[in-house]
Amino acid sequence: GHDNIDVPPKSEKSGQNDATKTTSSLIPFRDYIPAYTTLHSNHLALSLHHFSDLTAQYPHNPRFLMKFAHIQQELGQILLAEQNYQRVRAIDPHWTDGMDKYAYLLYQLRMSRKNALMVRHGGYLHYVYSSYLGRDKVEEGMMGGTECGVEEDLGQLCADLLDSEDKRPEPWICLSLYHLARDDHEKAMAFVDKAISLNQQHAFSHYLRGSILLTSHRPDHAIVSFFRANDIQRDIPSFEGLVESYLAAGKFKEAICTAKEAISRCSKDARAVTLVGLALAQAPTSQQKGEGKDRAKRALKKALSMDPGSMRPLFCLVDIYASEGEYETCVKLLQDGLENCGKLNEDQLNNASAFSHTSTWNKEHADVIYVKLAEIHTYNEAYVEALNCYHVAISMNPHNGLAVQGLERLEKFMSGLDPDEAEGGDEVDDSEVKGGGRQGDGSEGYHY
């Protein structure tokens, strides 16, 4: 039998040159097959372990490095993924295949920075990501505008990909993300449509189109795009987009059915279980025979048991309990989340079972939990504890926009001022400051 698979060098113009010649072009089947089979069956933690071994054996193979980076990115290990994308760019500057995912990572980082910039200007963006610790800090000299190093990286990537290969969808996806980061949804949509015209089977193009439509408050149209992405590649992100679009469109039955389908497809992925909890939590009580919230709690607790470091089930569970006034339960859940942060060590990071959202959130985003804890203390009128939590969050990450904004609002309130007025003066009562946003359905604040 054949024990090896030949990986021929690709043409430089296609973005895949003969960089792999620096190592053997023969890849052992015993290493290659498990990595790809676990990836296509959505067993990402195990696949990450296999690709970690492959990239250690073949450090100059850009295809393995790209797959490794894709999985790290999907599991939330943003900074590690960025490093591997940069390694690919150093090995082969013309590499194109899959670089749209790198563009998406830079977009995620860009929006993180934008959050920090907006808060410095007195504005506020309610966005998914906190600034990523470990990357270069936002330059003080950049505070006068919206430019930052990450956006420059994204622009340079666009130019390089277009120079290398403009007949593939990746350069146009990169351009779409560049304009999306600049809040130009019209151009972003035009370029993603260009990408789809070049390759209608490119799943990420349809996914991005759905994301743009969903953020533009067009959930019914987003459903079509996410459905197409999911039809091409049944992965968790496309299931998430579908469920979120159904919920935004008020199609709760379809959301629950889609979430259950995600579990049948990815039974070992905590994100799939989380989707069921999210759908049940937001579905009207009349459709759940009064048991929706309890079923949602069970699903979210199961997701947390599968992945203790995942923020999305944790925060949704906390929001449910907060809506019921069970603040002590919320505090206990968040404190358990912080305790999990302290348990993670380098030995665990070397274990395949630890390759989950836990790795990134625990290492880089404990400040997010402190902000959520501060919000719960505020709901419970424990203002001193809330202040302490905001200060801890800011000390861990000075660019955490929600922490900075939350602290400013709470300090104004405790001084007898209206936190919603630029120039205070009016006294307010307790009910006007609690939380500063809607609670109970997990639809505001941090989402993961």
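Mentor: We will take the model first and then two of its residues. This is a predicted model, in which local features need pLDDT of at least 70 and side-chain atom pairs count only at pLDDT 80 or more, while totals for chains, interfaces and linings use all residues. Residues are numbered from 1 along each chain as its sequence is written, and side-chain values use heavy atoms, with hydrogens and water left out.

Trainee: What makes up the chain in terms of helices and strands?

Mentor: The chain has 21 helices and 2 strands, where these are DSSP runs numbered from the N terminus, helices being H or I with at least four residues and strands E with at least two.

Trainee: Why is Ile 71 called buried?

Mentor: Buried means under 20% relative accessible area, exposed over 50%, and partly exposed in between, with a 1.4 Å probe and protein chains only. Ile 71 has 2% relative accessibility and therefore counts as buried. Its place is in helix 3, residues 62-74.

Trainee: Which residues does Ile 71 touch, not counting residues up to four places away in sequence?

Mentor: Contact means heavy atoms within 4.5 Å, and on that basis Ile 71 touches Leu 39, Leu 44, Ser 47, Leu 48 and Phe 51. Ile 71 and Leu 44 are 27 residues apart in sequence, and their C-alpha atoms are 6.5 Å apart in space.

Trainee: What makes Phe 226 count as buried?

Mentor: Phe 226, found in helix 10 (residues 219-232), has 1% relative accessibility, so Phe 226 counts as buried. Leaving aside neighbours within four places in sequence, Phe 226 is in contact with residues including His 206, Tyr 207 and Leu 242.
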